[in-house]
Amino acid sequence: MLGVDIIVPDFTYLVENKEKIRGIFLTHAHEDHVGGLPYLLRQISVPIYCTEFTQILIRQRLEEKLPGMKIDFRIFKPGDTINAGSMSVEAVRVTHSIPDTCAMAIRTDLGIILFTGDYKFDFTPIDNKPANITRFGELGQEGVLCLFSDSTNVERPGWGPSERTVIDGLRTVFAEAQGRVLLTTFASNIHRMQQAYEAAAETGRRVAVVGRRMETNIDICERMGYMKIPKGSRVSLDDAKMIRDEDVVILTTGSQGEPMSALVQMSKGNYGRMQIKNGDTLVYSARPIPGNEGAIWRTINRLFVQGCRVIYDSPTPIHVSGHAYQEELKMMINLTRPFYLAPVHGEPRHQYLYGQIGKSMGYPESRIFTLTDGVPLDFTEKHAGFGEPVPAGRVLVDGSGTPGVTEDVLRDRYNVSNEGFVTITVAVDTTHGEFVGDLMLQSRGLHGPEGLLDQAQNWVYDVLNDMNKAEISDLGKVRHLITDTAKRAILKKSGLRPLIVVSIIEV
Ligand SMILES: [Zn+2]
Ligand SMILES: [Zn+2]
């Protein structure tokens, strides 16, 4: 998608129904759950409910994107219930790869709609705040109508490992590496960074941080008590350069191969503040988000060329997932005993496999729903089923920041970037219905056989010569004929489809 920087959801339905919206409830601060917020808040004004940690992480970015706008944050704690119109929302603590994540138990007249958000069951979380399993059991007894469950990791059998297991892998790498160790992870993975500090302290290394977002997050989290950095561990990048290589760890952003990130710039030798050295080791403590694989492997390859060994897979884990595996998904179903199942946060294959899990636990097909964006699931006293579709889909935002890049614009960009463009200028005397002067054809970025434009010009002349006075006065028709004829002529001779732009000058 040339030039497209951001894809956000189509909010038409929410905007059309804005008077019904009591608030936006955030389960956690990950980008795939909050990234669209600025685009929605430009169109509707509603309170945002979230935990303190979520607010800390997203406030600054929201304010940057919405200058001058007063954002109405309302902070809740896990366990709180918030009344919202005819419903109420109870936040129930779960574990995930970011602190203070909550599932949402939405109480309605028909029963509880339980929206898990992203979760896993980690019994030894870094912050010692496990999921509130007891409460999920109680909600099950009260009566859960439908469970909207995370299904991202449904392909993985068994139980996911605890975040705490990662420190063993980090410690091993930190102890064995001869030179500096770089570690890249998501800037929001506070617990991973916490463990990197601890492993560094245990192996006699000190830690510098590179990357604006990571630095900001660590600063705020240390100040607010979400991170505990061992005394003396933290050094600036400049100080790190004065320490022996085998005593240094550098935390950096760029785990998704983002072009502007510190890691990618380093891999290209373009980062002003530091260079990769022969003998460095990079720990890739993250997972590629689908679609980013190419950029990530290119970065890793460039690092190897510079003499940096990259560890992206190791016998002791250096990364664990924040999403529930099969047995954890089953545990959530067993605890909450929902009447209906509706997997979310997965692609169709994940939704399908989650349905299979439901079946293996005795759910009939009629009580399992595979949702599609924009198709409502309607509940009544005795029934649940799909309703009439509402507007949904995606809106493309390009560098201009104006949402709504259309498929037509993208197709034109694609054609121009692949096959160049041709402009054809013609002057028309509309009063007398005749062409004035010669056609002018120019091209940019077009590479075809010799005489390509001459042939196109000849074809267009043939067509223009056959037009009568009345037809020539119809400029729309003239434009269409010229475009169509030039397109066919170029395609026939070269197989190319450059973008063709016709300018008509009225004289
Ligand atoms: Zn998440
Ligand atoms: Zn997510």
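Domain bounds here come from an automatic or database domain assignment. The model itself is predicted. On that assignment the protein chain falls into three parts: domain 1 covers 4–159 + 321–398, domain 2 covers 163–311, and domain 3 covers 406–506. Taken over C-alpha atoms, the centres of domain 1 and domain 2 are separated by 31 Å. Where these two domains touch, 14 residues of domain 1 are in contact with 13 residues of domain 2. On the domain 1 side of this contact, eight residues are nonpolar, four are polar and two are charged.

The strands come next. Strands of a sheet pair through backbone hydrogen bonds, in either the parallel or the antiparallel sense.

The parallel example is an open sheet of three strands, arranged in the order β2-β3-β4. Its edges are formed by β2 (24–25) and β4 (73–75); each has a single partner strand, so one side of each is left without a neighbour in the sheet. Between β2 and strand β3 (residues 48–50), which run parallel, there are two bridges. In one of the pairings, isoleucine 24 has isoleucine 48 of β3 as its bridge partner.

The antiparallel example is also an open sheet of three strands, and here the order is β1-β18-β19. The edge positions belong to β1 (4–9) and β19 (403–405), and because each of them has a single partner strand, one side of each lacks a neighbour in the sheet. From one strand to the next, the twist averages 60 degrees.

Within this sheet, β1 and β18 are joined in the antiparallel sense over five bridges. Valine 8, for instance, has valine 395 in β18 as its bridge partner. On the side of β19, strand β18 (residues 394–398) is joined by two bridges, again antiparallel. Here leucine 396 stands opposite valine 405 of β19, and valine 397 stands opposite proline 403 of β19. How many residues lie between β18 and β19 in the hairpin that they form? There are four, and in the turn glycine 401 has a positive phi of about 85 degrees.

Two parts of the helical structure can be followed in the same way. Helix α5 (residues 133–142) and helix α12 (residues 326–336) have axes that come within 6 Å and cross at roughly 50 degrees. Angles under 35 degrees would count as roughly parallel and those from 65 to 115 as roughly perpendicular, so α5 is oblique to α12. On the α5 side the contact is made by Ile133, Phe136, Gly137, Leu139 and Gly140, and on the α12 side by Met332, Leu335 and Thr336. By class, the residues of this contact divide into five nonpolar, three polar and no charged.

The other helix to look at is α14 (residues 407–419), which has 13 residues. After α14 comes glycine 420, with a positive phi near 75 degrees.

Definitions and conventions: Residues numbered from 1 in each chain as written. Chains lettered and ligands numbered in written order. Predicted model: local features only at pLDDT ≥ 70, side-chain atom pairs only at ≥ 80, totals over all residues. Axes fitted to C-alpha atoms, helices over the stretch in contact; angles between N-to-C directions. Parallel < 35°, antiparallel > 145°, perpendicular 65-115°, else oblique. Contact = placed C-beta atoms within 7 Å. Nonpolar A, V, L, I, M, F, W, Y, C, P; charged D, E, K, R; others polar. Pairing = 2+ DSSP bridges. Expected span 1.5 Å × (residues − 1).
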